[in-house]
Amino acid sequence: MSTDTNHGSTGDQVLHNTGKLPARPLPRPSLADLAIFLDLDGTLAPIAPTPDQANVPATTLHVLDDLYRASAGSLAIVSGRDSPDIDRLLGPLLLPYAALHGARIKPPNGKIETMGVSQDSLRQVSAIVETAMGQLPGTIVERKALSIALHFRQAPQFEDEIRQLAADALVNHNGDFEIQEGKMVVEIKPRGASKAKAIERFMGMAPFQGRTPLFVGDDLTDESAFRIVNAMNGITIKIGTGATHASWRLADPPALVEWLSSLLAKRLYDDGDISTEGRQPNE
Ligand SMILES: O=P(O)(O)OC[C@H]1O[C@H](O[C@H]2O[C@H](CO)[C@@H](O)[C@H](O)[C@H]2O)[C@H](O)[C@@H](O)[C@@H]1O
């Protein structure tokens with residue numbers, strides 16, 4: 001049975017670092033040099049029984065606001081969630097984001113970029129899974145703009161059926177969509193969408209360009225991002241247990257907030273103040 005811990009392989013590479021919390025301390029990078037990329041569920045928002053029950057604590061929102069200012073706007077959310085959910089969960093902040101596992105990006109200039117996806121195909125796949133999931137009490141279908149999440153956190157006995165259902169639903173649509181496994185969820189996402197590509201895209205634009213990337217995530221969808229950020233000599237942090245390509249590990253979302261706060265405190269110490277320079281969409 002699947003749990004909140006991810007094991008094994010992301011499909012293309014066997015994961016390493018299956019151990020517990022690292023003995024070595026986390027680095028203390030300067031916020032002036034960082035391009036900060038943060039996953040949402042399980043990283044900023046503690047995992048909740050259902051998608052609708054998730055929330056980002058007020059303290060975390062304050063820290064994100066300060067980080068956004070202190071990094072001159074070099075902060076983006078990189079999530080599997082749909083765009084309205086990201087804005088809702090982070091409100092009143094309106095941060096740059098990659099939504100839908102990278103299939104939709106809102107860069108700092110606000111001009112949203114969306115992958116081309118066959119809506120006909122999406123409708124057909126949705127109809128198949130919604131009909132079948134209706135027969136599996138306790139399961140949840142989360143229909144998003146370009147993807148569908150099949151949740152079984154409230155009905156773990158249906159994990160195998162749901163995995164098979166997702167595979168069957170894609171038999172005639174494998175050119176358009178692919179499976180993304182996650183925490184107590186099987187997602188159908190646009191083929192080729194990835195958090196790695198989203199981060200590469202952000203790193204090619206101001207104000208991220210030329211900075212050292214930091215990515216923090218907790219789930220299998222985050223592994224592609226860990227690999228690309230490692231390849232850029234960046235900093236990768238996995239939240240929680242389970243095999244990962246990340247180089248460091250923190251126990252849970254509160255531990256992440258504590259570490260991020262320590263970066264803010266270091267900057268205050270180094271510079272004497274938190275600058276508001278570069279602040280854009282949240283003013
Ligand atoms: O990339 P993320 O921001 O981590 O989003 C991944 C998926 O997260 C959500 O599902 C997960 O969190 C729920 C709330 O805590 C939980 O109930 C569920 O079991 C988890 O799988 C979200 O609902 C999905 O749309 C995201 O793709």
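The following dialogue examines how several features of this predicted model are classified.

Colleague: How many helices and strands are there in the protein chain, and how much of the chain counts as buried?

Modeller: The protein chain holds seven helices and twelve strands. Of its 283 residues, 44% count as buried.

Colleague: Why is K238 called buried?

Modeller: There are 28 other C-beta atoms within 10 Å of K238, and the cut-off for a buried residue is 20 or more; K238 is therefore buried. This lysine is found in strand β11, residues 235-239. Leaving aside neighbours within four places in sequence, K238 is in contact with G217, D218, T244, A246 and R249.

Colleague: Which residues of α6 are buried, and what covers them?

Modeller: The buried residues in α6 are E223, S224, A225, F226, I228 and V229. Their cover includes β1 (34-38), β2 (75-78), α5, β10 (212-217) and β11. Just after α6, N233 takes a positive phi of about 60 degrees.

Colleague: Which residues touch the most other members of the largest nonpolar core?

Modeller: They are F37 and I199, in a core of 70 residues. This core draws at least three residues from each of domain 1 (31-114 + 194-271) and domain 2 (119-190). Not counting residues up to four places away in sequence, F37 touches A76, V78, I199, P213, L214, F215 and A225. As a general point, nonpolar side chains in soluble globular proteins tend to be buried together.

Colleague: How do you know that domain 1 and domain 2 touch?

Modeller: Residues are in contact if their C-beta atoms lie within 7 Å. By that cut-off, 14 residues of domain 1 are in contact with 16 residues of domain 2. On the domain 1 side, the touching residues divide into six nonpolar, five polar and three charged. The C-alpha centres of the two domains lie 26 Å apart.

Colleague: Why are L100 and H101 called buried?

Modeller: L100 has 27 other C-beta atoms within 10 Å, and H101 has 29 C-beta neighbours inside 10 Å. The cut-off is 20 or more, so L100 and H101 count as buried. L100 lies in the loop between β3 and β4 (104-106), and H101 lies in the loop between β3 and β4 as well. Phi is near 55 degrees for L100, a positive value in a residue other than glycine. For H101, phi is near 60 degrees, again a positive value in a residue other than glycine.

Notes:
Residues are numbered from 1 along each chain as its sequence is written. This is a predicted model: local features need pLDDT of at least 70, side-chain atom pairs count only at pLDDT 80 or more; totals for chains, interfaces and linings use all residues. A nonpolar core is a set of buried Ala, Val, Leu, Ile, Met, Phe, Trp, Tyr and Cys residues joined through C-beta atoms within 7 Å. A residue is buried if 20 or more other C-beta atoms lie within 10 Å of its own, exposed if 12 or fewer, and partly exposed in between; C-beta atoms are placed from the backbone. Domain bounds come from an automatic or database domain assignment. Two residues are in contact if their C-beta atoms, placed from the backbone, lie within 7 Å. Ala, Val, Leu, Ile, Met, Phe, Trp, Tyr, Cys and Pro count as nonpolar, Asp, Glu, Lys and Arg as charged, and the others, Gly among them, as polar. Helices (H or I, at least four residues) and strands (E, at least two) are DSSP runs, numbered from the N terminus.
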